[in-house]
Amino acid sequence: MPENDETTPSTEGMVDYDANSLAQKEHALGNSAVIADLARRVADLPFDLNFTDYGCGPGQSAIETVRPALDTWSTLKPQKSVSVCHADQPGNDWNTLMGLATGKNGYLNRAHPPLVSAAVGSFYERLVPDSSVSLGTCFFASHWLRSTAHLNAPNTLWFADLTGDARHVMWQKAKDDWTRFLHLRAEELHPGGFLFVSTIGAVPEAGEINDTAASGRGIYRAMQAVTVSMAEEGLLDRSVADKFVFGLWFLTASEAREPFEDGSGLADLYDVDTIDVVGVEGGGDVFSSHVDSPAEYAKEYAGYTKAFAASSLRTGLFEPTLGEGKDTTWLEDEFFRRFEELYREKTTAYALEQWHLKVILRRKPG
Ligand SMILES: C[S@@+](CC[C@H](N)C(=O)[O-])C[C@H]1O[C@@H](n2cnc3c(N)ncnc32)[C@H](O)[C@@H]1O
């Protein structure tokens, strides 16, 4: 019977984020017109204006996410009080983020700077006061579930390749988390305020496992290949590897819509503006410019993947293999050495493909 583990936050302690978040920064910049438009649509609400970015991270992308709204509000409503709240987990690199906000490419060097605050905690709990958010964003974050999972999953460490009972259990977990996230945000949004969620998604694809193509399938399958090779050589505990699954789910558009259609009360709280999943221009391989240099290509992929995956691998795979309190550095280094080697040999066979989920919701009055 598959088991769940609710103890380990999925992303606590991500590393090297700013240096390895090119795609996230491009995504924030690419959405600046949408953010500006939503800021315009809430500018007349009869409240102080607040922008809260959930799962903000520590990088320049968090600054670029906020900037279009501040530009819009300072033009349209220079007399209104404006505040920004960056929300993330305790392990976020808050010093770096605040350094960026106050630095020369930050958003505080303006005539009427906003009030800035941080909300520290999980977005699966309440983070800010009731009805205090005019415009909320959550970019590249809500695909992380409340915790990593321990399931009977010997053939994969990734949700999209789960089948049967294990997939069913994982989907229930993902759907519960998505529903919970939206209920919590509804409490925090002003009536008339907008929530804009954009993150990694998935699309139907006949013939693929579960008839679904999920973003990053190459990366997760490469990590699975490394896991298998290390388990075969006894470097990873096979019984641990057989149960470890990243605490992730990349929603298809119809999965994202489900909680609005199943009587869980969300249809009473939000008007749905957009729920869509679209492919990224060019397919999504952010390192394609290095493809003629396999060593460079592989290095970029290893750095990028380590930045978001190392903390889950450490708590879900390396620590349980070595035992509590043991130094996992060598195991982690060996894992990513093999991962890099795989990309050097196979290059685009494991290239990143991306589909993005875009959800825009308006909080109903009352
Ligand atoms: C890939 S980063 C994205 C950061 C930023 N929004 C961007 O687009 O660059 C994901 C962020 O989500 C945060 N995160 C993941 N799960 C979270 C949770 N349950 N509560 C709050 N933040 C969370 C992580 O700490 C991390 O900073």
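The model is predicted, so to speak of local features a pLDDT of at least 70 is needed, side-chain atom pairs count only at pLDDT 80 or more, and totals for chains, interfaces and linings use all residues. Residues are numbered from 1 along each chain as its sequence is written, and side-chain values use heavy atoms, leaving out hydrogens and water.

**View 1. Helices α2 and α3 pack together.** Here α2 (residues 32-42) meets α3 (residues 60-76) at an angle of about 40 degrees, and their axes, lines fitted to C-alpha atoms over the stretch in contact, lie 8 Å apart. That angle makes α2 oblique to α3 (neither under 35, over 145 nor 65 to 115 degrees, on a scale from 0 to 180 between N-to-C directions). Their crossing is right-handed, with the near helix turned clockwise from the far one by less than a right angle.

**View 2. The contact of α2 with α3.** Contact means heavy atoms within 4.5 Å. Among the residues involved are Ile 35 and Ala 39 of α2, and Pro 68 and Trp 73 of α3. By class, 8 residues are nonpolar, 3 polar and 1 charged.

**View 3. Strand β7 and its partners.** Of the 12 residues of β7 (residues 189-200), 11 are buried (under 20% relative accessible area, 1.4 Å probe), so the strand is largely enclosed by the rest of the structure. Strand β5 (residues 133-139) runs parallel to β7, joined by 6 bridges; look for Phe 139, whose bridge partner in β7 is Ser 198. Strand β12 (residues 355-363) runs antiparallel to β7, with 7 bridges, and its Val 359 stands opposite Val 197.

How values were computed
Helices (H or I, at least four residues) and strands (E, at least two) are DSSP runs, numbered from the N terminus. Ala, Val, Leu, Ile, Met, Phe, Trp, Tyr, Cys and Pro count as nonpolar, Asp, Glu, Lys and Arg as charged, and the others, Gly among them, as polar. Buried means under 20% relative accessible area, exposed over 50%, partly exposed in between (1.4 Å probe, protein chains only). Two strands pair if DSSP finds at least two bridges between them.
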